[in-house]
Protein chains: 2
Amino acid sequence: MHEVFLDELKRLNTRFMNLGIDVSEQIDEATQAYIDHDKKLAQDLVADDKKFARAALKVEKKTLKLMALQQPVATDFRTVISILEATSDLERIGENSMSIAWETIRVKGNRRIPEVEEVITSMSKKVNFMLDQILKAYVQDDEELARTMAKKDDEVDEEFVKARKIAIEGVQKDPEAAVASASYFMIIRLLERIGDHVVNLAQWVVYKTSGELVDLNSQHHKFDDNIDM
Amino acid sequence: MHEVFLDELKRLNTRFMNLGIDVSEQIDEATQAYIDHDKKLAQDLVADDKKFARAALKVEKKTLKLMALQQPVATDFRTVISILEATSDLERIGENSMSIAWETIRVKGNRRIPEVEEVITSMSKKVNFMLDQILKAYVQDDEELARTMAKKDDEVDEEFVKARKIAIEGVQKDPEAAVASASYFMIIRLLERIGDHVVNLAQWVVYKTSGELVDLNSQHHKFDDNIDM
């Protein structure tokens with residue numbers, strides 16, 4: 001019985017990791033398409049717009065079935081729960097990156113603000129790195145790495161504030177940049193949310209490893225409080 | 001054993017519903033504070049900025065403990081899983097409403113765009129209504145009501161597009177409205193995300209009632225595709 005369970009769990013883990021890798025690539029490509037105004041690439045990315053939802057649903061169904069049939073305990077229980085929960089974070093990250101691709105298709109070649117686009121590129125690189133590291137931490141049960149990545153989200157929040165400030169100043173100087181600016185606000189919010197979901201993933205790595213449910217999101221609203229505009 | 005389980009489940013359900021009601025009230029008050037520029041009320045709302053995270057963590061801990069100890073099956077299993085999953089959606093809704101309150105504290109009394117604020121009020125009323133109905137559907141195992149509320153999210157998405165269009169036009173006419181406009185973009189995105197989480201909650205009501213894991217979010221990106229600006 002336990003061997004059947006471990007086989008099934010291994011398959012689940014593979015599905016979960018594949019979803020993570022797909023999602024990570026999508027963030028990278030979607031942001032690149034956005035910065036390059038590459039509508040062709042963006043269209044490829046959204047061609048199967050429900051793929052992450054579908055993949056996540058499959059993992060969730062299989063996880064719930066496994067739980068119901070095998071009633072795992074102790075470490076097995078924690079592993080299964082962490083897959084279930086982390087999958088929904090991966091799905092949201094995937095959906096946010098889909099939204100970045102959609103925004104690429106929609107955005108017009110109006111006046112742009114290059115300084116904002118630099119920050120956007122940096123935010124995207126950062127969340128991508130964090131996600132890759134979290135997936136590594138997940139596989140290696142590396143709680144320390146997970147906590148370090150969760151902390152790194154503060155930098156993403158700071159860049160969010162910075163990008164917003166530059167965008168506002170840009171549009172005040174040049175009202176023609178209003179359309180681009182609206183688009184930037186959406187993109188930076190999406191990237192900032194991706195960062196939040198990476199923090200959630202870190203929490204599930206900690207739970208899987210130690211059994212402890214923690215809140216690593218303690219600085220969540222700091223940036224809302226300190227913004228200078 | 002089963003009686004102990006049912007007692008514990010009843011307590012969990014009560015905690016879950018209380019969280020739902022608190023979150024619902026917070027959306028209403030935070031949006032009201034934002035529209036009225038009522039920084040005093042907003043400060044009251046964020047005074048305990050982690051309260052939803054804390055309440056959700058408590059529900060999650062108790063749910064996981066119950067699962068690990070009692071190994072529920074069939075309907076009991078589905079109920080417990082749906083509490084676990086729906087709690088994280090309630091928490092996110094709560095956090096989004098916290099962000100609305102923080103934005104109220106931050107926003108300056110600059111030039112405003114009343115037409116956008118009208119749409120914001122309407123969006124807030126709508127997601128609040130949807131949330132209240134979903135909580136009702138949850139208690140009454142009313143799958144039909146849950147599906148109806150999930151569909152209603154399309155209206156929220158439409159209002160999001162409308163508000164964004166008005167805000168862009170407003171700032172093009174009057175660059176002094178750039179600060180208010182940046183703030184509106186954030187608020188409407190938060191309200192739109194709350195709508196998405198209500199759709200997730202609807203999915204967990206369907207799962208709890210029928211055992212079926214469904215994706216009710218099918219129109220998710222429609223509004224990104226059709227926007228006219």
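**Helix packing in a predicted two-chain model**

At 1.5 Å a residue, helix 5 of chain B (residues 114–140), with its 27 residues, should span 39 Å, and the distance between its end C-alpha atoms is 39 Å, which agrees. Just after helix 5 of chain B comes B:D141, with a positive phi of about 50 degrees.

The next topic is how helices pack. Two packed helices are described by the angle between their axes and the distance between the axes. Helix 1 of chain A packs with helix 7 of chain A (residues 178–210) at an angle of about 165 degrees, and the two axes are 13 Å apart. An angle over 145 degrees counts as roughly antiparallel, so helix 1 of chain A is roughly antiparallel to helix 7 of chain A. The crossing of these two helices is left-handed. On the side of helix 1 of chain A, the contact is made by A:I27, A:T31 and A:Y34; helix 7 of chain A contributes A:S183, A:Y184, A:I187, A:L191 and A:I194. By class, the residues of this contact divide into six nonpolar, two polar and no charged. An α-helix has 3.6 residues a turn, so residues three or four places apart point the same way.

A second pair in chain A is helix 2 (residues 39–46) with helix 4 (residues 74–106), whose axes come within 8 Å and cross at roughly 140 degrees. That angle makes helix 2 of chain A oblique to helix 4 of chain A. Their crossing is left-handed. From helix 2 of chain A the contact takes in A:K39, A:A42, A:Q43, A:L45 and A:V46, and from helix 4 of chain A it takes in A:M98, A:A101, A:W102, A:T104, A:I105 and A:R106. Seven of the residues in this contact are nonpolar, two are polar and two are charged.

The corresponding pair can be followed in chain B. Helix 2 (residues 39–46) and helix 4 (residues 74–106) of chain B pack at about 140 degrees with their axes 8 Å apart, and are therefore oblique to each other. The crossing of these helices of chain B is left-handed. Here B:K39, B:A42, B:Q43, B:L45 and B:V46 of helix 2 meet B:M98, B:A101, B:W102, B:T104, B:I105 and B:R106 of helix 4. The classes in this contact of chain B are seven nonpolar, two polar and two charged residues.

What remains is the relation between the chains. Two copies of a chain are related by a rotation about an axis and a shift along it.

Definitions and conventions
Residues are numbered from 1 along each chain as its sequence is written. Chains are lettered from A and ligands numbered from 1 in the order in which they are written. This is a predicted model: local features need pLDDT of at least 70, side-chain atom pairs count only at pLDDT 80 or more; totals for chains, interfaces and linings use all residues. Side-chain values use heavy atoms; hydrogens and water are left out. Axes are lines fitted to C-alpha atoms, for helices over the stretch in contact, and angles run from 0 to 180 degrees between N-to-C directions. Helices (H or I, at least four residues) and strands (E, at least two) are DSSP runs, numbered from the N terminus. Angles under 35 degrees count as roughly parallel, over 145 as roughly antiparallel, 65 to 115 as roughly perpendicular and the rest as oblique. A crossing is left-handed if the near helix is turned anticlockwise from the far one by less than a right angle, and right-handed if clockwise. Contact means heavy atoms within 4.5 Å. Ala, Val, Leu, Ile, Met, Phe, Trp, Tyr, Cys and Pro count as nonpolar, Asp, Glu, Lys and Arg as charged, and the others, Gly among them, as polar. The expected span of a helix is 1.5 Å times one less than its number of residues.
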